Amino acid sequence: MKIQGHMFNWLAGFILVVAIVYGVWSKEPVGTTALFLSFGLSIMIGYYLVFTARRVDTGAQDDKDADVADDAGELGFFSPHSWAPLALGLGCMFAFLGPVFGWWFLFFTAPLLAIGLWLWIFEYYRGENQTQ
């Protein structure tokens, strides 16, 4: 993780230089703002990865003599199946279509968003996944 963190920090530095040069030469606020926001996102990810790498064991990706098999094993818990992201995705799609067809459209998408969010939050409190 440390290598990836440093890569993001170098990328953030490059984007900062590009944002300053672009802002001075073009005097265009939208692109300059987008570049500064990209700098902020890159520095946040880089800081998180470096900060986390100090507190966890060294992984195989940080060892120069590691083999591919050294990184084998359980990576974490991933939900086997869930219908909640589909409901939330449909709700967001209809919500973003609200300004196109009229703001009244959001009145019909709010329940779909609420149901999708409810399902996603409480999917491990009921049913067959209750014990996980």
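Predicted model: local features only at pLDDT ≥ 70, side-chain atom pairs only at ≥ 80, totals over all residues.
I started with Asp63, which counts as partly exposed because its relative accessibility is 40%. My cut-offs: buried is under 20% relative accessible area, exposed is over 50%, and partly exposed lies in between (1.4 Å probe, protein chains only).

Residues are numbered from 1 along each chain as its sequence is written, and side-chain values use heavy atoms, with hydrogens and water left out.

I placed Asp63 in the loop between helix H2 (29-53) and helix H3 (84-96). Helices here are DSSP runs of H or I with at least four residues, strands are runs of E with at least two, and both are numbered from the N terminus.

A salt bridge means a side-chain nitrogen of Lys or Arg within 4 Å of a carboxyl oxygen of Asp or Glu. Areas come from Shrake-Rupley with a 1.4 Å probe, and for residues only the protein chains shown count as cover.

**Entry: the nonpolar patch**

Next I looked at a nonpolar surface patch of about 630 Å², made by Val17, Ile20, Val21, Val24, Trp25 and Phe36. Which helix gives the most to the nonpolar patch? I got helix H1 (residues 2-26), with five residues. Val24 sits in helix H1 and counts as exposed because its relative accessibility is 52%.

Phe36 belongs to helix H2; with a relative accessible area of 37%, Phe36 is partly exposed. I checked Phe36 against Leu16: they are 20 residues apart in sequence, and their C-alpha atoms are 6.6 Å apart.

Is Ile15 buried or exposed? Ile15, in helix H1, is buried because its relative accessible area is 12%. I put its C-alpha 35 Å from that of Phe94, which is 79 residues away along the chain.

Lys27 lies in the loop between H1 and H2 and is exposed, at 69% relative accessible area.

In helix H2 I also looked up Phe39, which is partly exposed at 23% relative accessibility. Phe39 and Ser26 are 13 residues apart in sequence and 18 Å apart, C-alpha to C-alpha.

**Entry: H3**

Phe96 is in helix H3 and is exposed, with a relative accessible area of 67%. Phe96 and Thr109 are 13 residues apart in sequence, with 9.6 Å between their C-alpha atoms.

**Entry: the record**

I then opened UniProt, whose unreviewed entry lists residues 7-25, 31-51, 72-97 and 103-122 for "transmembrane region". UniProt positions are in the numbering used here, feature names are shortened, and annotations may be inferred rather than shown by experiment. I checked residues 7-25 in the model: 100% helix and 0% strand, with end C-alpha atoms 27 Å apart. Residues 31-51 gave me 100% helix and 0% strand, with 30 Å between the end C-alpha atoms.

Definitions and conventions: Patch = residues over 30% accessible without salt bridge, like charges linked within 9 Å, V, L, I, M, F, W, Y side chains within 5 Å.
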